[in-house]
Amino acid sequence: MIGFIRLAVFGFIALTVLYFVVVIYSRSVRREKLENEWAENGGIGDRDAFVNEGLKRYESSMRRKLIVAVYIVPIIVVTGLIYILNFM
């Protein structure tokens, strides 16, 4: 039982670190795409306002919400493997 608790705690810590890395990377990529889009459109208007508005839309997008799968998928896989290896 202690081994399972240790696996759960360290797994949660690792998934949290991975989640934040993916969030930061994804936001960085989106910011770069918005800056390139602003430049391709001729640079009309304030660049920072354009990028901030695009990032606000990104925060409520489905892609942003799918990043939560970083937690869900590994938990399901590990739980499935534990069940299969112990009870089948």
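Here is a walk through the chain, from the overall outline down to single residues.

**Before you click.** You're looking at a predicted model: local features need pLDDT of at least 70, side-chain atom pairs count only at pLDDT 80 or more, and totals for chains, interfaces and linings use all residues. Numbering starts from 1 along each chain as its sequence is written, and side-chain values use heavy atoms, with hydrogens and water left out.

**Stop 1: the whole chain.** Switch to cartoon and you'll find 4 helices and 0 strands, running α-α-α-α from the N terminus. Those elements are DSSP runs numbered from the N terminus: H or I of at least four residues for helices, E of at least two for strands. The radius of gyration is 19 Å, well over the 12 Å the globule rule gives for 88 residues, so the chain is more spread out than a compact globule. (That radius is taken over C-alpha atoms, and the rule is 2.2 Å times the number of residues to the power 0.38.) Draw a box along the principal axes and the C-alpha atoms fill roughly 65 × 20 × 15 Å.

**Stop 2: the surface.** Buried residues (under 20% relative accessible area; over 50% is exposed, and in between is partly exposed, with a 1.4 Å probe and protein chains only) make up 17% of the 88 residues.

**Stop 3: the core.** Which residues make up the largest nonpolar core? Select Leu15, Tyr19, Val23, Tyr58, Ile67, Val70 and Tyr71, 7 residues in all. Helix H1 (2–40) and helix H4 (69–87) each supply at least two residues of this core, and H1 gives the largest share, 3 residues. A core here is a set of buried Ala, Val, Leu, Ile, Met, Phe, Trp, Tyr and Cys residues joined through side-chain atoms within 4.5 Å.

Now centre on Leu15. Skipping neighbours within four places in sequence, Leu15 is in contact (heavy atoms within 4.5 Å) with Val70, Tyr71, Pro74 and Ile75.

**Stop 4: along H1.** Is Ser26 buried or exposed? Click on Ser26, in helix H1: it is buried, with a relative accessible area of 15%. Beyond its neighbours within four places in sequence, Ser26 is in contact with Tyr58 and Ile67. Next, pick Ala8, also placed in helix H1; at 40% relative accessibility, Ala8 counts as partly exposed. Draw a distance from Ala8 to Lys33, 25 residues apart along the chain, and their C-alpha atoms are separated by 37 Å.

**Stop 5: the loop.** Finally, select Gly45, in the loop between H1 and helix H2 (47–59). Gly45 counts as exposed, at 54% relative accessibility. Its C-alpha atom is separated by 52 Å from that of Gly80, 35 residues apart along the chain.
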